[in-house]
Amino acid sequence: MKLRKIALLIVVTLCALLLAGCGSDKPADEPAVTDVPAVTEETAMPEATTVPAQTGKVVNVYNWEDYIDPAVITLFEQEYGIKVNYMCFTTVEDMIVQVEANPGAFDVCFPSDYIIERMIAGNMLREINFENVPNAAQTIPYLQNPAYDPENKYSVPYMWGTVGILYNKTMIPDPVQSWSILWDTQYQKQVFMLDSIRDSMGVTLKYLGYDLNTTNVPELMAAKEKLIEQKKSGVVKAYQVDETKDKMVAGEAALAVMWSGDAMYAIDLNENLDYFVPAEGSNVWVDGAVIPATAKNPENAELFINFLCRPEIARMNCEYICYSTPNQGAIDLMGEEYTANHVQNPDQAVLDKCQFFHDISPDFLPVYEAMWMEVKNTK
Amino acid sequence: MRSDMSLPWWAWAAMGVGLVAFAAMVGVTIRRNRGIHRSLFASPYTLWMIIFTVVPVILIGYYAFTDANGAFTLDNFKNFWDSNFNANKSILAAGEAVGQDYSAYITRGTVNVDTLVYSLWMAFLCTVICLLLGYPAALIMADRKMKLGPTLVVLFIIPMWMNFLLRTIAWMSLLEDSGLINTFLKWLGFEGVQLMYNSEAVLLGMVYNFLPFMVFPIYTALSKMDFRLSEAAADLGCNSWQTLYKVTMPLSIPGIVSGITMVFMPSVTTFFIPRVLGGGNTMMFGDLIEAKFLTEGNWNVGSALSLIMMLLILVSLSILRKADPNGEGGGIA
Amino acid sequence: MMKWLKKCYLALVLIFLYVPIIVLIVQSFNAGKSRAKWEGFSLRWYIELFQDERTLQALFVTLSIAVLAMIVSTVLGTLAAIGIHAMKKRPQALMMTLTNLPNTMPDIVTGISLMLLFIFTKVERGYVTMLLAHITFDTPYVILSVLPKLKQMNRHTYEAALDLGATPMYALFHVIIPQCKQGIITGAMLAFTLSLDDFTISYFTTSPLVQNLSTLIYSSARKGIDPSLNALSALMFVALLVLLLIVNRRTAEDK
């Protein structure tokens with residue numbers, strides 16, 4: 001009896017191993033030692049061992065988590081008969097690592113502005129054939145030929161927004177429209193900061209009146225001291241990214257540094273919240289659609305991007321995600337509802353004071369990183 | 001992240017030699033015993049562990065001692081001591097570029113060392129609390145008069161079936177300013193208290209997650225104990241405290257040792273919990289390692305930090321082993 | 001009095017362990033999306049759960065990997081434990097160090113080191129690599145559960161079986177394995193639990209194409225945790241509880 005049980009166990013195991021082996025269509029066991037000769041000539045490595053070969057009627061999309069209306073994917077699949085493999089990332093750093101580690105796995109990605117700049121510099125992107133993306137002409141003038149892609153060759157803006165302050169009107173009825181409010185000691189344990197190097201440093205640099213992308217050491221030192229002072233004074237409740245908006249909805253704190261789209265999401269759920277971009281100016285950012293140089297289905301990728309730029313589709317996404325749309329057609333469709341919204345559609349006067357991020361060179365980035373670590377380490 | 005993901009040829013050669021040596025050892029054992037000795041049952045596992053544990057650790061070592069171009073260097077360890085090591089180089093270079101002397105901005109960064117000390121302290125507190133909470137619980141469950149003992153032990157493992165991330169997030173909804181505990185306090189007419197975003201909350205999360213690991217081994221050790229010993233002690237005039245202190249405790253030391261190991265080690269490297277319950281106000285060594293690998297993409301320094309961490313854990317383990325020379329506490333069953 | 005105190009203490013510790021789980025389960029019945037506000041009872045998230053392909057796929061990945069890793073690591077670990085037990089002192093000590101090594105490594109280091117291995121050997125990360133990683137961290141736990149049972153066993157029973165004409169294989173299945181059955185079951189359960197609960201190592205050894213529940217939860221944290229994940233956990237929890245009760249009832253009957 002017992003022997004039978006064990007025999008069964010072994011059979012099941014073998015089946016499972018076989019299944020796992022078949023599922024991956026190549027030998028997965030003991031990869032470490034058998035590949036010895038192949039390594040000296042990297043080019044000789046068979047393609048199949050690096051990428052899930054998804055060619056033909058598919059497009060592999062790699063986007064931020066929850067950053068598209070799911071209905072859009074269905075509509076695209078129905079209209080073109082192309083299967084969309086939709087994958088998600090949570091940070092751009094993650095995305096860039098994955099794109100490098102899995103060449104050919106992605107046809108469309110949605111990095112932020114300064115990452116696009118970095119990818120262009122690293123020859124990681126493919127030029128988009130704009131003849132196949134006529135709808136890109138819908139892009140609002142403000143975002144045409146942006147600083148991160150000056151000749152507008154590699155990217156099509158997908159969503160954009162500002163960084164500002166989300167506040168609770170019941171706790172602070174009439175806030176000073178300045179970053180200085182984040183240093184005001186009367187708001188003890190009432191401030192959520194972003195747990196992100198560039199954003200938190202950027203906010204402080206803007207508060208001090210410096211350039212958002214400065215590599216001037218004395219200026220950066222001043223910003224670091226300011227952040228340490230803020231932490232020591234006890235106004236900061238937490239440094240976080242993802243959790244903030246839900247917490248602001250729940251009324252956990254009075255003030256939070258936040259991206260405009262997240263702010264819009266929170267305001268929709270709690271009418272006591274409001275958002276402003278401080279008078280000193282801020283960061284304006286864009287997430288753009290790009291095609292990695294290694295993409296296997298660039299034509300399908302262009303079809304997909306063109307589809308996203310269709311006014312009705314851009315509108316669907318805009319209403320689902322709550323961020324600002326770069327698509328003039330979509331703006332026209334939404335009309336007053338969109339243009340009167342100061343969060344989604346900031347005044348040109350506000351935008352004039354805002355800057356894009358530029359990629360900090362890898363030689364200088366350690367300075368930013370070390371400073372941020374020091375801030376985080378302050379007790 | 002380095003773009004060329006390849007090892008030098010000698011690394012592959014060494015791995016090949018290792019494999020041949022392993023096969024030879026298996027062969028020799030078969031010949032010497034004229035057949036399949038039982039110890040050979042361990043060979044598939046040995047091979048598995050060599051490929052999936054030893055080789056990866058060697059890879060980490062390789063990274064820790066090389067720079068971004070693959071050349072040998074000790075800079076990554078200097079980076080541990082002085083977290084501003086790379087930044088200072090950039091600052092000086094920037095100063096030269098603008099023709100100014102920036103040496104006034106050069107300081108030693110203590111972030112890594114501070115974080116390590118803080119993590120060790122937190123792990124120590126967590127272990128002590130788990131021991132204080134878990135020992136009595138294990139003692140009660142191991143009591144022969146407690147008929148439900150074995151069932152209760154299972155009750156300790158069940159919470160682990162709920163996803164770790166979700167469990168931690170659930171604590172957040174309890175501890176928040178607008179969370180359940182505060183709502184309850186306010187309903188009773190008390191002032192709300194800030195329970196979250198501090199080290200205490202992180203500690204609570206750690207104790208919560210690691211307590212079962214303390215209870216199991218102690219329970220095992222206690223239930224294996226010969227109960228007649230404590231009866232004898234009672235017959236010889238010990239009161240129940242004396243029996244506990246003089247007989248039961250010393251006999252459960254193997255369980256305590258393995259409990260301490262199983263709680264201490266994961267505590268030092270906790271990540272995620274400080275971020276969720278501590279609101280990112282404090283960093284633990286696990287967060288630091290993660291930041292090096294994922295946010296900064298500096299795999300070399302990340303590997304060096306990992307190596308230091310492992311070394312430290314091995315040292316503390318060997319000290320602990322002194323208390324339990326037979327290694328009997330290894331059992332969790 | 002003392003007995004009552006003891007029971008109270010145990011109850012308190014267990015309440016501490018179960019409070020967040022109860023909170024999770026209650027939240028899964030909340031009509032609203034927010035964690036903070038109770039907006040009435042509803043089964044909305046349970047319905048959404050069964051319509052969400054991504055979550056169901058993650059559930060499949062999690063469960064299948066937990067089961068496969070449990071089976072493989074139990075076989076591998078039990079064999080290894082028997083082998084290690086039969087070894088001479090020196091190699092035994094070496095093997096124990098090897099077994100304890102992964103336990104002494106922080107999860108994050110294990111995950112990253114495996115990721116390095118897969119990247120260097122150009123093995124595409126995904127389902128198989130995640131499974132391999134899970135087997136790797138599960139097996140030592142199986143060994144650590146089986147080994148003490150072997151040590152408790154009388155060495156001579158095995159030899160007696162051989163003397164009485166049993167082949168080594170027969171003796172293995174009829175003498176050794178039945179005696180450490182308890183340890184094997186514990187090890188298997190532990191392996192299953194660890195695999196089910198793992199986040200860190202899975203996170204580093206899979207690609208965005210193949211997600212288990214943990215990595216899905218981690219990545220969906222950006223837009224706030226989807227309450228249907230709470231619903232899923234609640235369901236899984238109850239299912240496993242029922243399974244455990246059945247197994248317990250069975251083993252009780254066997255006795």
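**Nonpolar core.** I began with the largest nonpolar core of this predicted model. It holds 274 residues, and I looked up which of them touch the most other members: Val108(A), Leu166(A) and Leu255(A). I then asked which element gives the most to this core, and found helix 9 of chain B, residues 199-224, with 17 residues.

**Chains B and C.** Next I turned to the contact between these two chains, which takes 63 residues from chain B and 72 residues from chain C. On the chain B side, I noted the helices that each supply at least two residues: helix 2 (43-64), helix 5 (111-142), helix 6 (149-157), helix 7 (164-175), helix 14 (285-295) and helix 15 (299-323). Helix 2 of chain B gives the most to that side, with eleven residues. I also sorted the chain B residues that touch chain C by type, and got 48 nonpolar, twelve polar and three charged.

**Chain C by itself.** My last stop was the fold of chain C, where I counted twelve helices and zero strands. Its C-alpha trace spans about 70 × 65 × 30 Å along the principal axes. Chain C has 255 residues, and 53% of them count as buried. For contacts in chain C with a separation of 6 or more, I noted that 79% join residues 24 or more positions apart.

How values were computed. Residues numbered from 1 in each chain as written. Chains lettered and ligands numbered in written order. Predicted model: local features only at pLDDT ≥ 70, side-chain atom pairs only at ≥ 80, totals over all residues. Contact = placed C-beta atoms within 7 Å. Helix = DSSP H or I, 4+ residues; strand = E, 2+ residues; numbered from the N terminus. Nonpolar A, V, L, I, M, F, W, Y, C, P; charged D, E, K, R; others polar. Core = buried A, V, L, I, M, F, W, Y, C linked by C-beta atoms within 7 Å. Buried ≥ 20, exposed ≤ 12 C-beta atoms within 10 Å, placed from the backbone.
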